[in-house]
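Biologist: I would like to learn how to read some features of a model. Shall we take them one at a time?

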Amino acid sequence: MVRFTETVLRDANQSLIATRLPYSKFEDILPVMDKAGYYSVECWGGATFDVCLRFLEEDPWERLRKIRQKMPNTKLQMLLRGQNLLGYAPYPDDVVRRFVRASVKNGIDIIRIFDALNDVNNLKVATEETVKQGAIASGAISYTTSPVHTTENYVKLVKEMREMGVSTICIKDMAGILTPQAAYDTVSAVKDAVDLPVVLHTHCTTGLAYMTLLKAIEAGADVIDTASSPFSGGTSQPATETMFYTLREMGYDTGLDEKVINEVAAYFKPIRGEFIESGKLNPISLTTDPGCLIYQMPGGMISNLLSQLRDLGAEDRFEEALAETPRVRKDMGYPPLVTPTSQIVGSQAVQNVLAGERYKNVNGQVRAYVHGEYGRTPAPIDPEVQKKILGGEEPIKGRYADQLPNDTFEKTQLELGETARSEEDVLSYIAFPKVAEKFFADRTAREEKIAKYSIERME
């Protein structure tokens, strides 16, 4: 049997429309999706948290509770960046544990936990707390290619994840660069190494995804990530219906209800049309870009490089920045290019090109990375680069989170006072202070406006 994780409520719309899908757009279809027979529905985590607060005027916790209420029979899944939670920097252990507990309390059943460096030290606390709370911990490999990213090293990683208590292993190919043969070899090796279900996550960016999923299934993959067809393809995942029909013809049971998944697709089709018409869904995002195989980076990272250069009036330097990116990645110890390391490597490549001197200008995030605050890099950072960035300062030895205070939540709660109405509000503020502060102020203003309107109507 091959099961499906539906991504339309999270990664699919994050990939195509920068996570701008408000709850009101999909609320009515949730009871229908609840009958589809999915293994899980990925609906939270990733960029949803930040975008809800920053752009959609939604409380992400309330959004999750509403989805849970409408979908009582389906496992709800989220993506968590290990020690970075849903933010872009490492958080103290007490915050990580509280965030995991709150996520499960508000409705999450499966937490897919990854680290941008595949450093198991950044996975331990989140995994331990997920298991403790009775949820499913899915340990994710951030898949990439480099001289140090071998099948043997991936097998070592999944064995360590199993020892930590994960219930499933996810091979997370964020750039769509996992080739069909590599998928077969990697899934086979993982299945041989650990007796755990294997999930395959990829993107259609390079055009390989459908073939990659089939070879992964041939090797024994148990679950695949797909997206309802209107939000599939391009930088998103393969289409749910297409994979359903393909696997059914090949004799696989999927547990999906054909009528329901087609009803879900019919619901999202006009919504896709609205986003195309408004310009929020750029048709380019729906196309295929095999160039990602050459540069070994996600399509979103390439477009972000171009955007940075355009903002700086240096769009003509794009090819230079593109060529500089793999060199920076090598200097930085071959990190997988996923949030936040994709931003770290990409921004430094741009700075190197514009300055005309490599590492002349370095931002705080890059310095923190080289200092060791993001964890152990897959390969050593180039010593000369490290010395240039840090000067005489020594990089961190051991786990950075061990150096952080474990009373962050209590101090923040005291600082916020009545501004924070719940534990969830405090966690939102810790994750994104300025964004949450504005959200709280806007929330109060909206409520006061509604109250005033109600009083005026009564009078």
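Biologist: In which helix is Gly300 found?

Modeller: This is a predicted model. Gly300 is found in helix α14, which spans residues 299-311.

Biologist: How should I look for empty space?

Modeller: Rolling a probe the size of a water molecule over the atoms shows where empty space is left. Here the largest pocket has a volume of about 1,500 Å³. It is lined by 46 residues, and those closest to its centre are Gln14, Ser15, Gly300, Met301 and Ser303.

Biologist: Which elements give two or more residues to the lining of the largest pocket?

Modeller: They are α1 (11-17), α4 (48-56), α14 and α16 (341-355). Helix α14 supplies the largest share, 8 residues. By class, the lining of this pocket has 18 nonpolar, 19 polar and 9 charged residues.

Biologist: How many cavities of 30 Å³ or more does the structure hold?

Modeller: There is 1. The largest cavity has about 40 Å³ of space. Its lining consists of Thr5, Tyr39, Ser40, Gln77, Ile110, Arg112, Ser138, Thr168 and Val199. These divide into 3 nonpolar, 5 polar and 1 charged.

Biologist: What should I look for in the buried residues of a helix?

Modeller: Start with the geometry. An α-helix has 3.6 residues a turn, so residues three or four places apart point the same way. In helix α5 (residues 60-70), the buried residues are Pro60, Trp61, Arg63, Leu64, Ile67 and Arg68. They lie on the same side of α5, because they cover an arc of only 160° around the axis.

Biologist: Which residue caps the N-terminal end of α5?

Modeller: Asp59 does, with a side-chain oxygen 2.9 Å from the backbone nitrogen of Trp61.

Biologist: Which residues is Ser103 in contact with, leaving aside its neighbours within four places in sequence?

Modeller: Ser103 is in contact with Trp44, Trp61, Leu64, Met78 and Ile108. Trp61 and Leu64 are among the buried residues of α5. Ser103 itself is found in helix α6 (residues 93-105). Its relative accessible area is 1%, so Ser103 counts as buried, the cut-off being under 20%.

Definitions and conventions. Residues numbered from 1 in each chain as written. Predicted model: local features only at pLDDT ≥ 70, side-chain atom pairs only at ≥ 80, totals over all residues. Heavy atoms only, no water. Buried < 20%, exposed > 50% of the residue type's maximum accessible area, 1.4 Å probe, protein only. Helix = DSSP H or I, 4+ residues; strand = E, 2+ residues; numbered from the N terminus. Arc of directions from axis to C-beta. Polar contact = N/O pair within 3.5 Å; in protein donor to acceptor, adjacent residues only side chain to side chain. 1 Å grid on protein atoms, 1.4 Å probe; cavity = no way out; pocket = protein on both sides within 12 Å on 5 of 7 lines; lining within 4 Å. Points joined across faces, edges and corners; volume = space filled by probe spheres on them. Nonpolar A, V, L, I, M, F, W, Y, C, P; charged D, E, K, R; others polar. Contact = heavy atoms within 4.5 Å.
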